[in-house]
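Come along and look things up with me.

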Amino acid sequence: MVAMDKKNIISVKNLKYKNIFDGLDLSIKQNTITAISGSNNCGKTTLIKILSGLITVKDTVKFNDLYLESINKNKLFYDEGIVILNEKIDFLFDTVKEEILFVLDNINISDEKKKERYNFIIKLLNLTKYEKLNPNELNRNIKIKVLLAIAVIHKPHVLFIDDLCTMMSKAERHEMENILNYLNSVEKMTIVMTTNNLEETINCDYLYILDKGKIALEGKPLDILKEDNIINKIGLKIPFMIDLSVKLQDYDLISEMTLDMNGMVNKLWK
């Protein structure tokens, strides 16, 4: 959960951009996982690009109390990891290993530390058996893992990811959730992620839901996901177990939110 004493690593004040945002405010706490959700075309990807500096908006976004546009681009490279998916994913090198190591080749660290970091990351992302293969010939989900490896190999302070799990199976999403939780809890990365799937936000520390260029809802995910009327009007789908829990609480059949079906059955039969 978000601790009260955690500082803002990113803060946005009065964001105005084209016809997408008109006066949006938000903040990202250090060492947390923050989810940004909303219907299609609500501006999630644009917001990620603005927060990471890929799109420049002057005097609006602060990173560690400095305006983003004033920070040296080389420093931002060390501080950030970014995964924004395009319809076609293209790689530069002939092997996964070359692709991932290219980032470390441009950082002043010893060969020993480079090897240690590389071996750790490919093991964490279960990429060991692919390291000698051409990344352009792998399936989409493995390509996404390679992109994530490239984004985190240099241990950035903040990881930005945009709709990473859109086309993944439930098992693949669960694996990715475990990887992100590790990066956040052990490697102390602040993670900012967008998703249309509210089920992916349940274990995040904080959730923003966008609608028509503004923040419609914000707070702890389990609190926000109780606002089913607002969420349905926005065009998002409440996760089944959340929806069921809310309805059963309304009928006083259970006293608290339950996300596990077996746990739900046990409570109902008590």
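**Entry 1: a salt bridge across the sequence**

I began with E187, which counts as buried at 17% relative accessibility (buried means under 20% relative accessible area, exposed over 50%, partly exposed in between, with a 1.4 Å probe and protein chains only). I note that this is a predicted model, where local features need pLDDT of at least 70 and side-chain atom pairs count only at pLDDT 80 or more, while totals for chains, interfaces and linings use all residues. Residues are numbered from 1 along each chain as its sequence is written, and side-chain values use heavy atoms, with hydrogens and water left out.

Which residue does E187 form a salt bridge with? I found R117, with the closest N and O atoms 2.7 Å apart (a salt bridge is a side-chain nitrogen of Lys or Arg within 4 Å of a carboxyl oxygen of Asp or Glu). E187 sits in the loop between α6 and β8 (190-195) and R117 in helix α4, so this pair ties together parts that are 70 residues apart in sequence. Helices (H or I, at least four residues) and strands (E, at least two) are DSSP runs, numbered from the N terminus. R117 also counts as buried, at 10% relative accessibility.

Next I followed salt bridges that share partners, and they join D105, D111 and K114 into one network. K114 meets D105 at 2.9 Å, N to O, and D111 at 3.9 Å, N to O. D111 and K114 are three residues apart in helix α4 (residues 111-124), which means they are separated by about one helical turn. Are these residues buried or exposed? I wrote down K114 as buried at 15% relative accessible area, D105 as partly exposed at 48% and D111 as exposed at 60%. By the salt-bridge rule, the count comes to six.

**Entry 2: strand β8**

I then turned to β8, where six of its six residues are buried. Both faces are covered: T190, V192 and T194 lie on one side, and I191, M193 and T195 on the other. I picked out I33, whose bridge partner in β8 is I191, and F160, which stands opposite V192.

**Entry 3: two helices side by side**

I checked helix α5 (residues 140-152) against helix α6 (residues 170-185): their axes come within 12 Å and cross at roughly 5°. Axes are lines fitted to C-alpha atoms, for helices over the stretch in contact, and angles run from 0 to 180 degrees between N-to-C directions. The two helices are therefore roughly parallel to each other (angles under 35 degrees). N141, K145, L148 and V152 in α5 meet E172, E175, M176, I179 and L183 in α6, where contact means heavy atoms within 4.5 Å. These contact residues divide into five nonpolar, one polar and three charged. Ala, Val, Leu, Ile, Met, Phe, Trp, Tyr, Cys and Pro count as nonpolar, Asp, Glu, Lys and Arg as charged, and the others, Gly among them, as polar.

**Entry 4: an open sheet**

Last, I traced an open sheet of four strands in the order β2-β1-β4-β5, with antiparallel pairing. β2 (21-29) and β5 (66-67) stand at the edges, each with a single partner strand, so one side of each has no neighbour in the sheet.

Methods: Angles under 35 degrees count as roughly parallel, over 145 as roughly antiparallel, 65 to 115 as roughly perpendicular and the rest as oblique. Two strands pair if DSSP finds at least two bridges between them.
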